[in-house]
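This report describes selected features of the structure shown below.

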Amino acid sequence: MLRIILVLLTALILVAPAHAQQSDFNTLLETHRAKIEKPSRTTISPVLEALATSQSPGVAVFLEKWREKQLWQRKADGRFFYVEKADGGKLKLIDVDTGAEAGLAEQAELDNLKPNSGVRAMIAAKLVQFQLSDPDPERRLQALTALERDANESHLSILRAAIEEETDPAIKARKVRLQLLLTIKFGSDSANRVAAIRSFAGDPGVDARAALNPLLATSVKVFDTAPEDVNVAKILTPGSDIEQDAAYQLLVDAGKARPIVPLAERKQALIANIKDGVVGGVPVAELVTQEARDRAYLALAATGAVPPLVSRDEQRSAVANHVFTEVYAEPDPALTTAARETLSDISTTVGLYQFADLVLDSLSLASIYFLAAIGLAITFGVMGVINMAHGEFIMIGAYTGYVVQQIIPNYTVSIIVALPLAFAVAFLAGVALERLVIRHLAHRPLETLLATFGISIALQQIAKNIFGTQARPLTSPSWLDGAWVYNDVVSISYIRIAIFVLALAFLGLLLFILNRTRLGLEVRAVTQNPRMASSMGINPDRINMLTFGLGSGIAGIAGVAIGLFAKVTSELGSGYIVQSFMTVVVGGVGNIWGTLAGAGMIGSLQKVIEFFNPSNTLAAQTYMIIFIIIFIQFRPKGIIALKGRAAGD
Amino acid sequence: MQRSLFVRQPSVLIFIGLLAAFTIAITVLSEGFGLGLVSTSFIKILGKTLCLCLVAIAMDLVWGYCGILSLGHFAFFGLGGYMIGMWLMYERTKDIVIASLAGAELPATAEEIREGIGTQIFGVVGGAEIPVVWYFADSLWAQLALVVLVPGLLALVFGWLAFRSRVTGVYLSILTQAMTLALSLYLFQNDSGLRGNNGLSGLQNIPGLTHLPQAVVSVWFFLASAFALGVGYLVAAWVVSGKFGSVVRAIRDDETRIRFMGYPVEAYKLVVFTLTAVIAAIAGALYYPQAGIINPAEIAPIASIYLAVWVAIGGRGRLYGAVIGAATVSLLSSWFTGGQAPSIPLGFYTIDWVDWWQVLLGLGFVLVTLFVPKGIGGLFDRLVRKDAS
């Protein structure tokens, strides 16, 4: 009982002042009616100010409706209403203060207020103030996002005021950060701005750099003597810091020197002055060298027919007599110094984060290469054959994933089904290939290479005939969309994390199979010495078949993984085959750790080269391959070479 | 020496005789010089096929006789094409630029002509400057020398690196494939100076011979290709028939034993590798003026694998086998992919050879490897043996 009374009391207390203000707001609108009716950019400011200071709860909605041209005025008494459509073409009036219905009216009885765009922009700016302290955190965030994108000087004080009332710590942090950024941009007090600039030291955010970089914008200017009243970034030495020609052009632009006549204009002048096949005393037919043309032009200039040339010496002395400086657009040296120092500090931090990002990228690429190459490495190690169709097993896996998705529409379920199915399909294809072709080419590795190439082109073309040449999508489940973002520099997509986990899982699984199971024991035995193994009762044919199937099956899994981020085409596999070969060759044959090392090296190498030459991934691949060719010189058997009898061939 | 060559390689005389007869017959039947029964486009196909036969001979030397399965010889072929293509394109563009500047009020200066050529050739890759690699492009003799020198040097350096570190077998194949891939990726870049993926085009227009119809020029190139093939066959036969050839074959069969016998195995391999690269480059230099266009896709690793496939189908270790393989497969290939082969209706599905030729080639190739390891050329061996017995 007591609780109910308390609630009622609280409600009363909350409602009472609101009630009292209603009439205030009405009167307020009444006072400014004329200016609200016909607003203009020059007269609207005091009205907005008065509305904002009134603290009435209806003001925010009022401003919003006004801006969106949804405010109506009754012609009879000049009162403002919001409207809703009612039956019979009539409009239902809604009181601006209470939100209560205030009867119906014909459309003709009302005027719709449509402020022009300038006024609406001013209303919107005013609205920010209300939105920033809106009780709904979602709307506050929206307002902040809008401000981050586009803010002006007036928002700074509004934002500062809004920080104090903020209760949500996350939003408050964002507000503080934005306030600092705006201070850098619009602040009036130099010390304040410097403090704001310094506060971003070591901050890798893009917004911080975006705020700081404009402060350091420079332009090259010419002075007769060393300047004193400008904020100089650097004094330029003509010839080293600035080209002689560019320096002279600056002088010309500043009106401090005579303009050079460009080559094209000189040619036009010559053409214009041809008389009877002769120009400047030189026959036209002789003007086949620049030297002859210059001679003719000088002769013309001597007669005054064309503007004279500016000699090299004249240019040089004119340049030498002036001072060329890079001048900051920002006049305050304290600001530019602070910005420069902060930016260099930031660039150190960003460099560290970029390195971390590079490591993540390399790991991700390495895990893809590992998945693509490990199957190849196993078959190569055990049987000594290169399977050129390995890339097509990757493709088979990817298409299996695609077909499964056509049947099972749920992406999560379809991926879970596709992974083992891709393994099974590729496993069967591998076993078939081994039994039908490779077994009959035992001890002829080069023929095997070419025969599997034949299989490869046949499989590719068959896939093209079945699925067409256009890329087929293999959609990842929605929980793999997006990316893990640590800050503006370090991020990695969830798909790549998933592939990394998948690669780790297969690394573990293969290590387990090879080191802890009977099959693994036999595989290792055949790898090391097939004849000895067979005399110990191991059937090498069976082992070869199973290993080949296992290697192909993993390629199938890799296909599903690759298909998730690349489009599935019949050429999907061949894009990875050469990299897979490289991985195996660099890593060393017949050893999981070798393949891991090879994949790690090739992946990180490619990413590092791309990092230094980001615009040109083709060049990155070229350099990488050249590097590998050189690497093979020093370790012909790969990073991890088998020792002893197994190494002999 | 001459006598012993023909005695040891009886196929040389037969081959050169057949080639000469074929060449004369085609020339007589051509549009340019004779009855006009063979179309110009077919003459071009035949001329190109002869060049492919020549590069197949090179491949057979290096693989069939020396045991190095190089997956990079088509890269040398393409490089040769690029070298001659630079001269063809530069000179032709120069003619065009001079013709277009001829009407101007002032006669053009050398700089203006160079600038015009630069814009014409490199406008597509967003440049106007003529890159350094085109330094000799205005000289036919220099570019002809480069046809031999550039691929030869590349093969020399690459081979030296590879053989020195005793890379053999499939490792070497993969390494050569890597070289090919690196080269083609490099050429794909716009700033490689060779027009990126646009490649060089308009190569069928021979500067200085533009007044002649293509019907005549194509026959000339056909004859030149036939001559080059004949000489190439002769050189290859000479190389494999003497003592040098014996050592090379011995290296193929047991490299370690030859090394223990005191032969510098690496030097022999390097000579064969470089020589065949040069032959491939010459074949390429004759091929691309007939094809009219060359781009980095021609150098892609798959082309070199196809080359190995031709030689394998034709029969390794027999020079005529390489020629037969290259001619058969490339002619069949253009017949099937050209849409001329009749489709086979099966009722529920129609086999369209444009789509299924690759499958047929791939599987056919597997069957040849499995069941006819000596290739088509091996069938001749049987005939000869039957005659002898």
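## Helix 13 of chain A

In this predicted model, helix 13 of chain A buries A:Arg293, A:Ala296, A:Tyr297 and A:Leu300; a residue is buried if 20 or more other C-beta atoms, placed from the backbone, lie within 10 Å of its own, exposed if 12 or fewer, and partly exposed in between. Seen down the axis of helix 13, the buried residues fall within an arc of 100 degrees, so they line one face of the helix; the arc is that of the directions from the helix axis to the C-beta atoms. On the other side, A:Glu291 and A:Ala302 are exposed.

The buried residues of helix 13 pack against helix 12 (263-272), strand 8 (278-279) and strand 9 (282-283) of chain A. Contact requires C-beta atoms, placed from the backbone, within 7 Å. After helix 13 comes A:Gly304, with a positive phi near 85 degrees.

## Chain B

Chain B has 15 helices and four strands, which are DSSP runs numbered from the N terminus (helices H or I, at least four residues; strands E, at least two). Buried residues make up 45% of its 389 residues. Among contacts in chain B between residues at least 6 apart in sequence, 76% join residues at least 24 apart.

## Conventions

Residues are numbered from 1 along each chain as its sequence is written, while chains are lettered from A and ligands numbered from 1 in the order in which they are written. Local features need pLDDT of at least 70, side-chain atom pairs count only at pLDDT 80 or more, and totals for chains, interfaces and linings use all residues.

Key
Two residues are in contact if their C-beta atoms, placed from the backbone, lie within 7 Å.
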